Amino acid sequence: MRWSFYRAALFGLLEHVLAAPDPQLAERLDLVVSRHLARLDEPQFQQQPPPTSPAANDGRGAGMSPLRLTPARGDPAFAPMHASPGQPAAAAAAAGAQVPPRDDPAAYRGGQRLLRLLRTAWFKCPDAPRPSDVSSLERLFNSVEQSGEVIRFARSLTARELMAAEELYTPFIPGCGGDYTGLTLRQICERHVLPMGVEVEQLQIIAACTALGVTLAVLDVAGSAVGAIKHGPAAQQHGPPVAWVAHLPGHYDVIYPARPLDVAPGGQLVAAII
């Protein structure tokens, strides 16, 4: 399977959380995921008849009970919804619906899976059959349907970050190529961020890392020169990246440096100062 940026970045990040205990990082990701999950409308699958085909399966699986979230009073997660439940995404967008859409069952299930993985690793889910570890992560990403829902959640989170800070991200649009020419940030989210299977440009990578609150390094070996760049919140740029991915022709891979590495301002790899 050729991995997309989202698949490689999420796997590398979550593997770091599970393999090298980092309570602060886990708590930060827990907060990010739970906040965005609270902004999505919970699908009412409990009252629906059992699915009749694999494509319709909600993929809850063993030990996958819904996580109830109560956002703080005044949280913008519960601003009025523009699209009616069940309204197709394209039609909702045409009607001026919220971007990303709140009516997104796949993203909701993906957020639940991600949050359960994080909380089970830190023993916050007493009803879980076993704590999550790296093998739990491998099982999740070996399931096309379940990992697809997690990626759908990450795409929704990225779109929300972009729409929440248009002035910050709009200057990056011209560097994304001809497919982005003349598009507003909203149109970019609808055409290049939310649809599954659409690859990313630097715009989405910056927004995804900023939304997650982590610093990732991308090693670019797809061009004529090898170089690296760190993406993430400005406040964290002084430290080494949490995870590394390589950009190869047509796909991404998780990479594991033999020793802790950082990225110099010019893109050179340097020894990390821990």
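In this predicted model, helix 5 (residues 134-142) and helix 6 (residues 144-164) pack with their axes 5 Å apart, at an angle of about 95°. An angle of 65 to 115 degrees counts as roughly perpendicular, so that is the label for helix 5 and helix 6. On the helix 5 side, the contact takes in Leu140, Phe141 and Asn142; on the helix 6 side, it takes in Val144, Gln146, Ser147 and Val150. Sorted by class, the residues of this contact come out as four nonpolar, three polar and no charged.

Helix 6 turns up again in a contact with helix 9 (residues 202-212). Here too the angle is about 95°, with the axes 8 Å apart, and helix 6 and helix 9 are therefore roughly perpendicular to each other. Helix 6 brings Leu157, Thr158, Glu161 and Leu162 to the meeting, while helix 9 brings Leu203, Gln204, Ala207, Ala208, Thr210, Ala211 and Leu212. The class count for this contact is seven nonpolar residues, three polar and one charged.

Helix 9 also leads over to the sheet: helix 9 lies across strand 1, strand 2 and strand 4, and runs at about 45° to strand 2. The sheet itself is open and is built from four strands in the order 2-1-3-4, with mixed pairing. At its edges sit strand 2 (227-231) and strand 4 (251-255), each of which pairs on one side only. Direction aside, neighbouring strands of the sheet are turned by 25° against each other on average. Helix 1 (residues 5-19) packs on the sheet as well, where it touches strand 1, strand 3 and strand 4, and its direction makes about 10° with that of strand 4.

As background, strands of a sheet pair through backbone hydrogen bonds, and they can do so in a parallel or an antiparallel way. His247 stands opposite Tyr252 in strand 4. Strand 3 and strand 4 form a hairpin with two residues between the strands, and Gly250 in this hairpin takes a positive phi near 85°.

Turning to charge pairs, the whole structure holds seven salt bridges. One of them joins the side chains of Asp30 and Arg119, at 3.0 Å from N to O. The two partners come from distant parts of the chain, with Asp30 in helix 2 (residues 23-38) and Arg119 in helix 4 (residues 105-121), 89 residues apart. Are Asp30 and Arg119 buried or exposed? Both Asp30 and Arg119 are buried.

Asp104 and Arg152 make another salt bridge, with their closest N and O atoms 2.8 Å apart. This pair also links distant parts of the chain: Asp104 sits in the loop between helix 3 (89-94) and helix 4, Arg152 sits in helix 6, and 48 residues separate them. Again, Asp104 and Arg152 are both buried.

The salt bridge of Arg186 with Glu190 has its closest N and O atoms 3.3 Å apart. Arg186 and Glu190 are both found in helix 8 (residues 185-193), four residues apart, or about one turn of the helix. How exposed is this pair? Buried would need under 20% relative accessible area, and exposed over 50%. Arg186 has 27% relative accessibility, so Arg186 counts as partly exposed. Glu190 has 27% relative accessibility too, which means Glu190 also counts as partly exposed.

Methods: Residues are numbered from 1 along each chain as its sequence is written. This is a predicted model: local features need pLDDT of at least 70, side-chain atom pairs count only at pLDDT 80 or more; totals for chains, interfaces and linings use all residues. Side-chain values use heavy atoms; hydrogens and water are left out. Axes are lines fitted to C-alpha atoms, for helices over the stretch in contact, and angles run from 0 to 180 degrees between N-to-C directions. Angles under 35 degrees count as roughly parallel, over 145 as roughly antiparallel, 65 to 115 as roughly perpendicular and the rest as oblique. Contact means heavy atoms within 4.5 Å. Ala, Val, Leu, Ile, Met, Phe, Trp, Tyr, Cys and Pro count as nonpolar, Asp, Glu, Lys and Arg as charged, and the others, Gly among them, as polar. Two strands pair if DSSP finds at least two bridges between them. A salt bridge is a side-chain nitrogen of Lys or Arg within 4 Å of a carboxyl oxygen of Asp or Glu. Buried means under 20% relative accessible area, exposed over 50%, partly exposed in between (1.4 Å probe, protein chains only).
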